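Welcome! Let us take a friendly walk through this protein, with its sequence and model at hand.

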Amino acid sequence: MCGIVGYVGNKTAQNVLLSGLKRLEYRGYDSAGIATLDEDKEPHIARSVGKISELEQVLSAKPHTGHLGIGHTRWATHGGVTVTNAHPHHVGNVFLVHNGIIENYKELKEQLSSYEFKSDTDTEVLAALIDSNYKDGASLKDAVAKALKEVRGTYGIAAFSPNEPDTIVVARLGSPLIIGLGKDETIIASDASALLGYTREAIYLNDGEIAVCNKDGAEVFNLNLKHLSPNPETIEGDVEQIQKGGYKHFLLKEIMEQATTLPNTLSGRVDAKNGTMHLGGPNLTTKEMRDVRHIVIVGCGTAYYAGLLASYYMEQLIPDITTEVVIASEYRYRSFHLPKNSLALIVSQSGETADTLACLREIKKRGIKTLGIVNVIGSTIAREVDGGTYVHAGPEISVASTKAFTAQVVTMLMFAGMIASYHGGNAELIHKFAKELSILPTEIEKCLNDHRAEMEQLAKKYAKYNDALYLGRDTAYPIALEGALKLKEISYIHAEGYASGELKHGPIALVDETFFEVFDILDNWLYDKSLGGLHEVRARGGKAIVLTNSKADIEADDIVRVDSKIELLMPILLNTLQQLFAYYVAVERGNDVDQPRNLAKSVTVE
Ligand code: F6R
């Protein structure tokens, strides 16, 4: 969703801001803008609707030369997608960019009736509120702190004023802000990827904190202006990880690189020889691991489906624990009860998803221990959980989640393997999982290379369809859901995932020659039952694509057979094929693959 960048130093601010905003493009946005102060302390604003390239065009006509500025990519919440609603907003002496939502902006707007508002945004109201407090000798920091005390909602903000030409004031509540500390320069961003290449040292602002930044660094305060002394942290990753590396799209790069990122997920955590798994991050005592009886897994979208697949594995591995997988946006408002001796796994690629974060807080209120299964290092969820494990998939730039799904499933599986060994889990089965995990990266690589061209051809054949059903049974069911989600979000083909056994309970009524079906069929004890539905679909004119590791004869329109040593983890391999298929269908339909319409990479508002 929205992105913030700020710069104060010796470089031309415009260039740093534009390069930072480009790094944040992947989060999804519909307009962008920057505001800078020139050497004569004169402010300048440039804003545009559409891509950053539009903003660059505006700026090429009238470049900004100053060394201090703030920039923003906006994903519309209050007010339409217009230049007037784009950030930065300027009211009185204050220039402001804002991520999040000010819930009481209407009340505040009434109180601030002496101001003439130009936009429909809550941000302009916040700028006015800050300006109204920026008087009687108050500094910008004082004015921001005072204004924020009147605000209900969430925010990450960056503000400057020509009155204090060397300073940017930033603050956060529920929306991330990171302050990169460079040599004679300070770079501010809502996402660490914008800081890569400038500095590795950063202060991650916590909720309720405000910071005054200049080119020599930053001073941090709470909203009562008590001085705080946070320790700078190291930013991980490098610029290469956030570039396309020769691929046409980030999505294809992220699908293909699963074989190289997965070893980071597994590193030091799986011992295939002895058949053990161990994660250090959860930081659980032996007693806690023994006592746990219930595991609730919380996530949204792909993270939820990763949790669902992991729960099947948990049930196989741990004999005496119940698992429950919940959609965060529902769970946060349910009157849920968790038994004592529960553990909650909070699954999120971005670590910023508003609903997942809200669940984390609700679960903590009930005294249940929370563990993060998170990709983005230093993200809010990672900071608020009691313990947890990074999935180490590396930066995921494309909006559709692919390599993070695989890393999340694998991480939760290792967690299950670890817990299982304290619960009398079947040692042979744990060993088998450990062995499969250790060869998974090479098997994924083989699967992707063996079938990439085939999936591209299939995509060409099916790209003209408007409806699809994905069907799977047992551990192939969660990936049927995930396959349908991937297809719909990037190709805009209407796709639904179902448990194969549900076909006769309704969805089969839809099937005719205008539909195609993807059957995820595992060569296991449920193989025969998984074939059910295939014949019914074909008898009604539906086209059937089968993704399988079975070598048996199957009647289908198209069959993709995976030849692999992997058995238990076959759903993960089949899912990589679905990822390729969705990617190539989207390419064939000419879509914006990395930034599909209406979607944002991290959903920081409800
Ligand atoms: C689908 C997708 C979304 C996310 C969901 C949760 O490809 O990307 O469904 O999985 O928004 O996001 P995180 O994992 O960041 O909490």
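Predicted model: local features only at pLDDT ≥ 70, side-chain atom pairs only at ≥ 80, totals over all residues.

Look next at strand 25 (residues 515-521) and strand 26 (residues 543-548): they run parallel and are joined by six bridges. Phe519 takes part in this, with Val546 in strand 26 as its bridge partner.

How many aromatic pairs does a search of the whole structure find? There are ten. One of them is formed by Tyr304 and Tyr305, a tilted pair with 5.5 Å from centre to centre and 55° between the planes. Both Tyr304 and Tyr305 are buried.

Another pair brings together Tyr465 and Phe516: the ring centres are 5.5 Å apart and the planes stand at 80°, so this pair is edge-to-face. It links distant parts of the chain, since Tyr465 sits in the loop between helix 14 (427-462) and strand 23, while Phe516 belongs to strand 25, 51 residues apart. Are these two residues buried or exposed? Tyr465 has 12% relative accessibility and counts as buried because the cut-off is under 20%. Phe516, at 0%, counts as buried too. Ring pairs also tie Tyr465 and Phe516 into a cluster with Tyr462 and Phe581.

## Arginines over rings

Arg366 lies over the face of Phe336, 3.7 Å from the ring centre. Arg597 lies over the face of Tyr492, at 3.8 Å from the ring centre.

## The nonpolar cores

In soluble globular proteins, nonpolar side chains tend to be buried together. Here the largest nonpolar core has 94 residues, and Phe415, Leu487 and Phe581 touch the most other members. Leaving aside neighbours within four places in sequence, Phe415 is in contact with residues including Leu279, Pro282, Ile295, Met314 and Leu371. Apart from this core lies another, of 31 residues, with Ile102, Leu112, Ile130 and Tyr134 among them.

Notes
Residues numbered from 1 in each chain as written. Heavy atoms only, no water. Core = buried A, V, L, I, M, F, W, Y, C linked by side-chain atoms within 4.5 Å. Buried < 20%, exposed > 50% of the residue type's maximum accessible area, 1.4 Å probe, protein only. Contact = heavy atoms within 4.5 Å. Pairing = 2+ DSSP bridges. Helix = DSSP H or I, 4+ residues; strand = E, 2+ residues; numbered from the N terminus. Phe/Tyr/Trp six-rings, centres within 6.5 Å; stacked < 30°, edge-to-face > 60°. Lys NZ or Arg CZ within 6 Å of the ring centre and 35° of its normal.
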